[in-house]
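Here is a friendly walk through one protein model, in questions and answers. Have the viewer open as you read.

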Amino acid sequence: MKIISLDIEGFRSMKKVHWVLNDLNIIIGANGAGKSNLLRFFELISISAQARLGKYIQSLGGMEPLVWDGQATRINCQLKLSDQKNLLQYELELARLGSSAYRIEQETLTQNDFEVNNQDGQLLKRNHLNSQILTGTDHSLKTVIEPISEEESLLSMVANPFIENHLMTQFQHQLTSWLIYHDISVDRNAPLRQPVVTRAERRVDPDGQNLISVLHTLYTEDRHFRYDLNVAMRAAFGNEFEELMFPPAADQRTQLRVIWKSLQRGQSAVELSDGTLRFLFLLTVLATPSPMTAIDEPELGLHPSMLPIVAEFSVAAAEKAQIILTTHSPQFLDAFTDTKPTITVALCEQGKTELKNLKGEALAYWLENYSLGQMFNSGELEDLVA
């Protein structure tokens, strides 16, 4: 199930935004244009489906810093997702109460079944505390009797074992599984450098702190992952790279060591350069994408020679999931050769973000003679949407 389009009103710099997505999406734009705000909004929607929205908004300082210009009275979104059979449309409205509090004012989830004459069907409906949900297979909405939190979404309740609507549960799981990566710390004291309690994990958490656990699980159990990662590391570091090892540490913990052919002693994660650790992080994330995976500025800290490898992993990931990347790097744009991503320009005028996809004959004309990176450096990409 893929995201088709997203409409946002009143969130941070996004006074009113409409965006159409494809499988592999790269967002460019000046600092402060709203690229990171878009990823933050995806994070908010995912958290709302996990019944953690109240604490999340509280941790960000309440509603005032979240609404456009601190003035908007509500945040609205409309999200459309589709598979080969269904189009699902989800709408959520957060009404601001005072400076920091809020309540969920409206929420709906509607299904359009392509195989039944495009028949529409409502799966859930909420108007403040008056809520109805399709609980079974009789295609009727049932009034929700149990207390409904003003701060948590009705969608987050569908994990209830008494609710038997498979499509609604699938949609809720889809949103909760989104992974958005930004502000990943790789400094010398970062938790993702430290030995971890040994456990099987197959997907990197948004904060990146379980990277070693995921690497250990996949590198030792998945021969395809091991082969692909070894090839990528040798492409980046030459034949000097030999392999990864995961020797035990104290207290049932596992550590990471990178083995280099010219050194007798492997380098621990604490000793690795920031760029090397970021590279391992990106390879692991892109090799195991969630249904929607977003990464803020993947080029940070990487040598330009690594960018084509990251691009190749991104293209492969987009065959299994939707990928969203933000970048300031013309070299990263040029790393996409055979497969061209959808390029979205984030523009901000008078404090309002706009998202515009590059397409059409004008872009094709310029790409006959110039690369995306050259056009990005010259400002021609932004001019195409002006």
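Q: How many helices and strands does the protein have?
A: This is a predicted model, in which local features need pLDDT of at least 70, side-chain atom pairs count only at pLDDT 80 or more, and totals for chains, interfaces and linings use all residues. Residues are numbered from 1 along each chain as its sequence is written, and side-chain values use heavy atoms, with hydrogens and water left out. Helices (H or I, at least four residues) and strands (E, at least two) are DSSP runs, numbered from the N terminus. The protein has eleven helices and 20 strands.

Q: Is Met14 buried or exposed?
A: Met14 sits in strand 2, residues 14-20. Buried means under 20% relative accessible area, exposed over 50%, and partly exposed in between (1.4 Å probe, protein chains only). Because its relative accessibility is 0%, Met14 counts as buried.

Q: Which residues does Met14 touch, leaving out those up to four places away in sequence?
A: Contact here means heavy atoms within 4.5 Å. By that rule, the partners of Met14 are Ile8, Glu9, Gly34, Asn37, Leu38, Trp68 and Thr353.

Q: How is helix 4 oriented relative to helix 5?
A: Helix 4 (residues 211-221) packs against helix 5 (residues 223-237) at about 105°, with their axes 5 Å apart. Axes are lines fitted to C-alpha atoms, for helices over the stretch in contact, and angles run from 0 to 180 degrees between N-to-C directions. Angles under 35 degrees count as roughly parallel, over 145 as roughly antiparallel, 65 to 115 as roughly perpendicular and the rest as oblique. Helix 4 is therefore, relative to helix 5, roughly perpendicular.

Q: How many disulfides does a search of the whole structure find?
A: A disulfide is counted when a pair of cysteine sulfur atoms lies within 2.5 Å. Cys77 is buried, with a relative accessible area of 8%, while Cys348 is partly exposed at 33%. Searching the whole structure for disulfides gives zero.
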